[in-house]
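Keep the picture open while you go through the points.

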Amino acid sequence: MADITRRAGWRHLRSAPTAHIRHQRRGKLVHDGEGLSFWFRPRTAALSEVPVNDRELAMAFHARTADFQDVSVQSTVTYRIGDPGAAATRLDFSIDPDTGAWRGTPLEQIATLLTETAQQHALDVLARTTLAAALVDGVAAVRDRIATGLAAEPRLPDTGIEVVAVRVVAIRPEPEVERALRTPAREQIQQEADRATYERRAVAVERERAIAENELASKIELARQEERLVEQRGTNARREAEENAAADAVRAEAEAVRKVRLARAEAEAAREVGEARAGAQSAWLRAHAEADPAVLRALAVQRAAENLPRIEHLTLSPDVLTGLLAKLGGEGGAGGARS
């Protein structure tokens, strides 16, 4: 909007660089251009302000596909007014000389023109396209058709409007249809997720099984090693017992041999001792046999005396003494007679 300042019956207008100003006085064009600044009298001035910058128009409308499904189309059209003079003559861009505001709604008229034209071409292409095709390739097809249709629309260049770009943001079905269409994809995604979960679980189970098998194999190998160890220990114990038995047998045999030898030696010694004793006894007997009886009696008395207990006092009666003396005398006489 132009900036207008009041001064005692005069007005001063200052416009933006993106606004084209047309000033007519008494039917004659006085000022015409962008970014103007000038004084004018409000009673004789006719002013128009045409924006020449790029503007974006967002559009949303409903359409029906070939399979009778309702869809909503969201698009944006970028345009600009390339011929401000033609636009000022075809549309009401006049402004109030006191406030600088538009007296009409020219931009709304341009929006209506562009929206109706774009909608017409979009409806035409969607009416021959199924819902599935529209959702897959409909954005590009609708965009190209709208751009082609706006470029071929004769009212736009006559009004001085140039279409810069056309964008189709989205083509969306009704919420119920959209949910129905999402269901297979969601189910497939869920199936993929479940499959991934099952595969992950299967991998985990397989790993656990491998771990369990490794542990079992380790236990089996350990049991085998223990069995070998027990067997080796038994073998060692058996060998040790056999060696101990052999050693004991050797010791027993040696002890038996020693005892036999000792017994033989003792027997030989006993035999020799016996022979010696027998010889001595024979010699003793021979000596006694050859000895005088009186000597033998004397020896007997001596041996008896040696074996008798000690006699402290001896009392001889006359009868015993007489008998002994008589015996001793008789033995003396007999001895003298033998001699």
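**Loops, strands and a bent helix**

A8 sits in the loop that links strand 1 to strand 2. Keep in mind that this is a predicted model.

- As background, most residues other than glycine have a negative phi.
- Is A8 buried or exposed? A8 counts as exposed, because its relative accessibility is 82%.
- F68 has a positive phi too, near 60 degrees, and is also a residue other than glycine.
- You'll find F68 in the loop between strand 7 (55-64) and strand 8 (70-81).
- With a relative accessible area of 63%, F68 is exposed, since the cut-off for that label is over 50%.

- Three strands make up an open sheet in the order 1-2-5, and their pairing is antiparallel.
- Why is one side of strand 1 and of strand 5 left without a neighbour in the sheet? Strand 1 (3-7) and strand 5 (37-40) are at the edges and have a single partner strand each, so one side of each has no neighbour there.
- On average, neighbouring strands of this sheet are turned by 20 degrees against each other, ignoring direction.
- Strand 1 pairs with strand 2 (residues 10-14) in the antiparallel sense, over 5 bridges.
- Look for R7 in the picture: its bridge partner in strand 2 is W10.

- Strand 3 (residues 19-25) is mostly covered, with 5 of its 7 residues buried.
- Strand 3 pairs with strand 6 (residues 45-51) over 7 bridges, in the antiparallel sense.
- In that pairing, R25 stands opposite A45 of strand 6.
- Strand 3 is also joined to strand 4 (residues 28-34) by 6 bridges, and these two run antiparallel.
- Which residue of strand 4 is the bridge partner of Q24? That's L29.
- Strand 3 and strand 4 form a hairpin with 2 residues between the strands, and R26 in this hairpin has a positive phi near 55 degrees.

**A helix with a kink**

- Helix 3 (residues 131-152) has 22 residues, and a straight helix of that length would span 32 Å at 1.5 Å a residue.
- Helix 3 spans only 27 Å between its end C-alpha atoms.
- Where is the kink in helix 3 centred? The kink is centred on D137 and comes to about 80 degrees.
- The buried residues of helix 3 are L131, A134, G138, V142, I146, G149 and L150.
- A handy rule for reading a list like that: an α-helix has 3.6 residues a turn, so residues three or four places apart point the same way.

**Aromatic rings**

- Searching the whole structure turns up 2 aromatic pairs.
- In the pair F93 and W102, the ring centres are 6.1 Å apart and the planes are at 70 degrees, so this pair is edge-to-face.
- F93 is buried, because its relative accessible area is 1%.
- W102 counts as partly exposed, at 31% relative accessibility.

Note on methods
Residues numbered from 1 in each chain as written. Predicted model: local features only at pLDDT ≥ 70, side-chain atom pairs only at ≥ 80, totals over all residues. Heavy atoms only, no water. Buried < 20%, exposed > 50% of the residue type's maximum accessible area, 1.4 Å probe, protein only. Helix = DSSP H or I, 4+ residues; strand = E, 2+ residues; numbered from the N terminus. Pairing = 2+ DSSP bridges. Expected span 1.5 Å × (residues − 1). Bend = angle between axes of the 7 residues up to and from the residue. Axes fitted to C-alpha atoms, helices over the stretch in contact; angles between N-to-C directions. Phe/Tyr/Trp six-rings, centres within 6.5 Å; stacked < 30°, edge-to-face > 60°.
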